[in-house]
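User: I would like to go through this model by question and answer. Please keep it brisk.

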Amino acid sequence: MNKWIQRGSAEIPNNGGTMKLLQRDQEFSIRLSGIRGELMNSRVHGSEEALAELGCARLGSVADVRVLVGGLGMGFTLAAVLRSVPASAQAVVAELIPEVAEWNRGPLGECAGRPLLDARTRLHLGDVAALVADSRDAFDAILLDVDNGPEGLTQDNNNWLYSAAGLQAMHRAMRPESTLAIWSAGASPLFVIRLKKTGFHTAVHTVRARPGKGSRHTIFVARKGVALQGRS
Ligand SMILES: C[S@@+](CC[C@H](N)C(=O)[O-])C[C@H]1O[C@@H](n2cnc3c(N)ncnc32)[C@H](O)[C@@H]1O
C-alpha cells in the first residue's frame, strides 16, 4: 500500500483551522487540523447515503421537488439524493469551503460518481445557514451533514443550525409535508425535544457506517406536517 499524499489544503472560515485532502491509491481522506482528525474517508459512506435515503423516502415519484443538501464533502449524500428523486427534481448543495468543490471536480469526484455534473445539481458556495435563513417554503427536503451533529466539529457557527432559532428557520424554509434529516455521530435526546418543540414529528434512526458493520451513526428525521413511523 502506498503512502498518503496531500492533494489539497483549505482554511476553514472563522478561524476553524485547516482542512486537508489526502490520497492513498484510490482512497481519499479529508482531515481537520489539531486533534479533530479525520472528517471523512471515501471508503466509509453508508450513513451519508442513509441520510439521503431517509430524507428523500417520499419524493421518488413527486414531480419538481427541490432538495437542499448541506454540505458537499465527498458528494455521497448528493449522489444518493440524485438516485432517489425524479428527473424533474433540483438538488441544491451548499458548501462553505470553495476548495471542497474544486476537489470534487478533480479525482475525488470519481468516488461518488461526479454528482456535481448532474444537470439537476445546483452548487451554492456559502453557508447553508444563511441560505436557510433567506428561504421560505422552498424545499421538500433539507439534509444536513455539515458537522458532527448537534455538537459542532468544523464550525462553532454551525451550532445555530441546531438551536431553536435555526430549527424554526428550517421549518419556515420547508414546504408543507416535507422532511428535515440531520446526520449525527451520536444520539441526543435533548435535540429531539427541541425538534418537537419546533413543531416537527420526529423519528431517530441508527445506521451503520458500512453495510452491516462499522460505527453506528444517528439520523434524526423530522417531518413538517405529517406523522412519522419509527422510534422518536
Ligand atoms: C462531513 S462533510 C459532508 C459529507 C457528505 N455528506 C458526503 O456525503 O460526502 C461536511 C461538509 O460540510 C461543509 N460545511 C461545514 N459547515 C458548513 C456550512 N455551514 N455550510 C455549508 N457547508 C458546510 C464542510 O466543508 C464539509 O465539506
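**Sheet and pocket**

Analyst: Pairing takes at least two DSSP bridges; strands are DSSP E runs of at least two residues, and helices H or I runs of at least four, numbered from the N terminus. This is a predicted model: local features need pLDDT of at least 70, side-chain atom pairs count only at pLDDT 80 or more, and totals for chains, interfaces and linings use all residues. Residues are numbered from 1 along each chain as its sequence is written, and side-chain values use heavy atoms, with hydrogens and water left out.

User: Which residue in strand 3 is the bridge partner of Leu21?

Analyst: The bridge partner of Leu21 in strand 3 is Ile30.

User: Which strands stand at the edges of the sheet?

Analyst: The open sheet has 4 strands in the order 1-2-3-4, with antiparallel pairing. An edge strand has a single partner, so one side is left without a neighbour in the sheet; that holds for strand 1 (5-11) and strand 4 (37-41).

User: Which strand gives the most to the lining of the largest pocket?

Analyst: A pocket is an open set of 1 Å grid points, over the protein atoms alone, where a 1.4 Å probe fits, with protein on both sides within 12 Å along at least five of seven lines; lining residues have an atom within 4 Å of a point. The lining has 38 residues, with Leu39 and Met40 among those nearest the centre. The top contributor, with 4 residues, is strand 4.
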